[in-house]
Amino acid sequence: MSSSAIAPASRALPSAANPSAASAKARFWDRIAPKYATDPIADLAGYEATLQRVQGLLSPQHDVLEIGCGTGSTALRLAPFTRSLLATDVSSQMIAIAHQRLAAQPSPALRFAVADAEAMAPGPEVYDAVLAFNVLHLMTDLDDALRQMVKVLRPGGLLISKTACVAEMNPLIPYLAVPLMRAIGKAPPVLCFDEQRLRSAMVQQGLQIVCTERHGTRGKDIRAFIVARKPG
């Protein structure tokens with residue numbers, strides 16, 4: 001990768017502002033990383049539909065940041081459609097697996113880094129797109145997280161997200177099952193909101209909603225695919 005391709009990423013690498021909170025999140029995801037890496041995708045057709053949609057929104061002129069990239073499968077699929085893609089996750093074990101996958105499937109535009117998505121380092125307006133797949137409901141503070149994402153987007157840049165809207169599930173799951181699973185260490189903290197609340201939070205941070213879609217092909221789909229643009 002050329003130095004010019006990675007320069008935007010290096011200026012806005014997320015870094016942990018609250019080390020204890022980041023460490024707590026990292027420990028959970030580090031522990032489940034091996035299983036996460038081998039779990040099959042529940043709705044493969046829906047996943048492929050999302051990838052196709054995102055590919056159409058990216059271009060070889062785009063510098064892109066992905067937050068909460070997990071073990072890197074999606075980043076590996078999307079990096080060829082960008083100029084540069086920095087994929088980050090708070091879990092060092094997730095990123096270690098991502099590096100193994102990148103070594104097996106080299107992609108010049110892609111690099112991985114351990115970083116907390118809730119603590120962006122200074123370096124505003126350096127990305128043409130921020131990707132947030134299955135991660136916004138795992139933030140500590142949705143509004144603050146979105147504010148930081150907007151800050152690193154260039155004018156006209158896109159926030160491309162797919163998010164589990166937990167409030168749309170059977171109430172027994174978010175309000176009973178999830179707290180019980182958290183108590184025994186089987187689930188992370190989860191924000192409970194619906195699509196309307198998520199869209200409103202984006203608008204409150206100055207974003208313009210471009211589209212809202214659902215790509216699921218198996219039963220009720222609670223994952224809202226939302227594309228929002230930073231004015232400019």
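Arg197 counts as partly exposed because its relative accessibility is 32%; buried means under 20% relative accessible area, exposed over 50%, and partly exposed in between (1.4 Å probe, protein chains only). The model is a predicted one, in which local features need pLDDT of at least 70 and side-chain atom pairs count only at pLDDT 80 or more, while totals for chains, interfaces and linings use all residues. Residues are numbered from 1 along each chain as its sequence is written, and side-chain values use heavy atoms, with hydrogens and water left out.

The side chain of Arg197 meets that of Asp143 in a salt bridge, defined as a side-chain nitrogen of Lys or Arg within 4 Å of a carboxyl oxygen of Asp or Glu. Asp143 belongs to helix α6 and Arg197 to helix α8, so this pair ties together parts 54 residues apart in sequence. Helices (H or I, at least four residues) and strands (E, at least two) are DSSP runs, numbered from the N terminus. By the salt-bridge rule the count comes to 12; three of these pairs are listed here.

| Salt bridge | N to O distance |
|---|---|
| Asp143 and Arg197 | 3.3 Å |
| Arg214 and Glu195 | 2.7 Å |
| Glu48 and Arg77 | 2.8 Å |

Arg214 sits in the loop between β6 (208-213) and β7 (223-229) and Glu195 in helix α8, so their pair ties together parts 19 residues apart in sequence. Glu48 in helix α3 (residues 44-55) and Arg77 in helix α4 (residues 73-78) are 29 residues apart. Glu48 counts as partly exposed because its relative accessibility is 27%. Salt bridges with shared partners also join Asp63, Arg83, Asp128 and Arg154 into one network.

Helix α6 (residues 142-152) has several buried residues, including Leu142, Leu146, Met149 and Val150. Among the elements that cover the buried residues of α6 are β1 (63-67), β4 (127-133), β5 (153-164) and α8 (195-204), where contact means heavy atoms within 4.5 Å. At the start of α6, a side-chain oxygen of Asp141 comes to within 3.1 Å of the backbone nitrogen of Asp143.

The structure holds one aromatic pair. Phe28 and Trp29 form this edge-to-face pair, at 4.9 Å centre to centre and 90° between the planes; rings of Phe, Tyr and Trp (its six-membered ring) pair if their centres lie within 6.5 Å, with planes under 30 degrees apart counted as stacked, over 60 as edge-to-face and the rest as tilted. Phe28 and Trp29 are both buried.

By contrast, Leu172 counts as exposed because its relative accessibility is 56%. Leu172 lies in helix α7 (residues 172-183).

Technical notes. Polar contact = N/O pair within 3.5 Å; in protein donor to acceptor, adjacent residues only side chain to side chain.
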